[in-house]
Amino acid sequence: MVVDRRATAAADIRSAAVVEPAALRRAFRRHAAGVTVVTMAGPRGPVGFTATSVASLSADPPLLSLSLSATSSCAPALLAAPGLVVHLLSDGQEWLAARFATSGIDRFAEPTRWRTLPTGEPLLVDASVWLRTRILSRLNAGDHHLVIAEVVETRVESDAESSAAPLVYHNGSYGTVTPRVSG
């Protein structure tokens, strides 16, 4: 008798149990991720949240993806907004990441420095890299909303400060990445 190993493997994958949410969180705590703040115009003013789920999806066309918990206070604005701005944070901007991750506060109050773009989205002026997008697709994915957005404008500041290392999140803490020294 000849056994098709691919069919057996596919059946094993389909019948495999999924891991518990706590196990997934524990595993991803070990995965360093870039820290961003996502902003958009909401029905009652600017809305924003900290996200480590932002990823480049395609270069042609220029697409990115991100996700947000369906229970987030920002979820209704995300589901209604035509576009958003993704701000890539640098080392030293932990305070900004923490501010936009805090519930129940006015995230855009002092000391946050921001202005409204001509297209209506709030822009954090202290971010040296940002991407303005138009939302193409939203998908309910488990307990999150997955968004695919097309990048329509980018800004990368060219001053000395903009060469700062990126802000990353790893194992429950903020940090950065430094280049390895060859030798």
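Buried here means under 20% relative accessible area, exposed over 50%, and partly exposed in between (1.4 Å probe, protein chains only). The model is predicted, so local features need pLDDT of at least 70 and side-chain atom pairs count only at pLDDT 80 or more, whereas totals for chains, interfaces and linings use all residues. Residues are numbered from 1 along each chain as its sequence is written, and side-chain values use heavy atoms, with hydrogens and water left out.

**View A. The buried face of helix α4.** In helix α4 (residues 94-101), the buried residues are L96, A97, R99 and F100; helices (H or I, at least four residues) and strands (E, at least two) are DSSP runs, numbered from the N terminus. Seen down the axis of α4, these residues fall within an arc of 160 degrees, so they line one face of the helix, the arc being that of the directions from the helix axis to the C-beta atoms.

**View B. The salt bridge between R113 and D126.** The side chains of R113 and D126 meet in a salt bridge at 2.7 Å, N to O, a salt bridge being a side-chain nitrogen of Lys or Arg within 4 Å of a carboxyl oxygen of Asp or Glu. R113 lies in the loop between α4 and β7 (114-116) and D126 in the loop between β8 and β9 (129-141), so the pair ties together parts that are 13 residues apart in sequence.

**View C. The salt-bridge network of R132, E153 and R155.** E153 and R155 meet through their side chains in a salt bridge (3.8 Å, N to O), and salt bridges that share partners join R132, E153 and R155 into one network. R155 counts as partly exposed at 36% relative accessibility.
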